[in-house]
Amino acid sequence: RTGDIADVGHMRYLYAQRVENDETFFVTVFSDHPVNIYEMFPTEGDAPGQDPVDIARPPGARRLLSAWEEGKPYGMFVYTDGGGTSAADTEALYRSELMPGRGWAPVELRDGERVQVDGVFTSVWEKDERVVTLVFDESEQGETTTSVLTSDEEPN
């Protein structure tokens, strides 16, 4: 009723999948504190969290998710525009203004690589020691979702 998973106990989640002969891929999530899903995923306004400091939010968009590894540059930030702007137009705005305007340079693709697969656009950007991947997807209802994935630059 409250939306707080902690009302039924401490949250413990483990997902495991065998990927090769003796190898298993797993993800764990746990919390000893309140975890209110109504607050995590509000129907209006921004989800709690933060935006990346040097990456623009899509114009008029609201934040759906903000997740990062504490003390590290790895993160995922997801936004929706609520409809009206296509994924192609949003990607073009980032490519022409929003990323270069903040000092980001595009990582050009190799011959044969595509920036659009099944209607989903992607682009990769670099600045100093960081690499950012942007993913733009348009729903059947006309809402564009922009996902920002942040990471360190790959070591040489």
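Predicted model: local features only at pLDDT ≥ 70, side-chain atom pairs only at ≥ 80, totals over all residues.
Strands, like helices, are DSSP runs numbered from the N terminus, and a strand takes at least two residues. Strand 1 (11-20) and strand 2 each put at least two residues into a nonpolar patch. The members of that patch are Y13, Y15, V19, F25, V27 and V29, and together they show about 530 Å² of accessible area. Take V27, one of the members, which sits in strand 2. Its relative accessible area comes to 34%.

Is S31 buried or exposed? With a relative accessible area of 14%, S31 is buried. Leaving out residues up to four places away in sequence, S31 touches H10, M11 and R12. The side chain of S31 also reaches the backbone nitrogen of H33, at 3.1 Å.

Now for the start of the chain. D4 is found in the segment before strand 1. Its relative accessibility is 17%, so D4 counts as buried. What does D4 touch, once neighbours within four places in sequence are set aside? The contacts are P34, V35 and N36.

The C-alpha atoms of D4 and S147 are separated by 26 Å, and the two residues are 143 residues apart along the chain. S147 has its place in strand 9, residues 144-152. At 12% relative accessible area, S147 is buried. If neighbours within four places in sequence are left aside, S147 is in contact with F77, V78, T133, L134 and V135.

The largest nonpolar core has 16 residues, and the ones that touch the most other members are M99, V132, L134 and V148. Which elements each supply at least two residues of this core? They include strand 4 (75-80) and helix 2 (87-98), along with strand 7 (120-127) and strand 8 (130-138). A closer look at M99 shows who sits around it: not counting residues up to four places away in sequence, M99 touches I55, Y94, W104, W125, V132 and L134. V132 and L134 turn up again here, having already been named with M99 among the core residues that touch the most other members. As background, nonpolar side chains tend to be buried together in soluble globular proteins.

Charged side chains come next. Side chains of opposite charge can pair when their charged atoms come close. How many salt bridges does a search of the whole structure find? The search turns up 7 salt bridges. One of them joins D46 and R57, with the closest N and O atoms 3.0 Å apart. Both residues lie in the loop between helix 1 (37-40) and strand 3 (62-68), 11 residues apart. D46 is partly exposed, with a relative accessible area of 35%. R57 is partly exposed too, at 24%.

D54 takes part in two of these pairings, one with K127 and one with R130. In the D54 and K127 salt bridge, the closest N and O atoms are 3.5 Å apart. This pair links distant parts of the chain: D54 is in the loop between helix 1 and strand 3, while K127 is in strand 7, 73 residues apart. Both D54 and K127 are buried.

In the other pairing, the side chains of D54 and R130 meet at 3.0 Å, N to O. Here too the link spans distant parts of the chain, with R130 in strand 8 and D54 in the loop between helix 1 and strand 3, 76 residues apart. D54 has a relative accessible area of 18%, so D54 is buried. R130, at 23%, is partly exposed. Elsewhere, salt bridges that share partners tie D46, D51, R57 and R63 into one network.

How values were computed. Residues numbered from 1 in each chain as written. Heavy atoms only, no water. Core = buried A, V, L, I, M, F, W, Y, C linked by side-chain atoms within 4.5 Å. Buried < 20%, exposed > 50% of the residue type's maximum accessible area, 1.4 Å probe, protein only. Helix = DSSP H or I, 4+ residues; strand = E, 2+ residues; numbered from the N terminus. Contact = heavy atoms within 4.5 Å. Polar contact = N/O pair within 3.5 Å; in protein donor to acceptor, adjacent residues only side chain to side chain. Patch = residues over 30% accessible without salt bridge, like charges linked within 9 Å, V, L, I, M, F, W, Y side chains within 5 Å. Areas by Shrake-Rupley, 256 points an atom, 1.4 Å probe, with all protein chains shown as cover. Salt bridge = Lys/Arg side-chain N within 4 Å of Asp/Glu carboxyl O.
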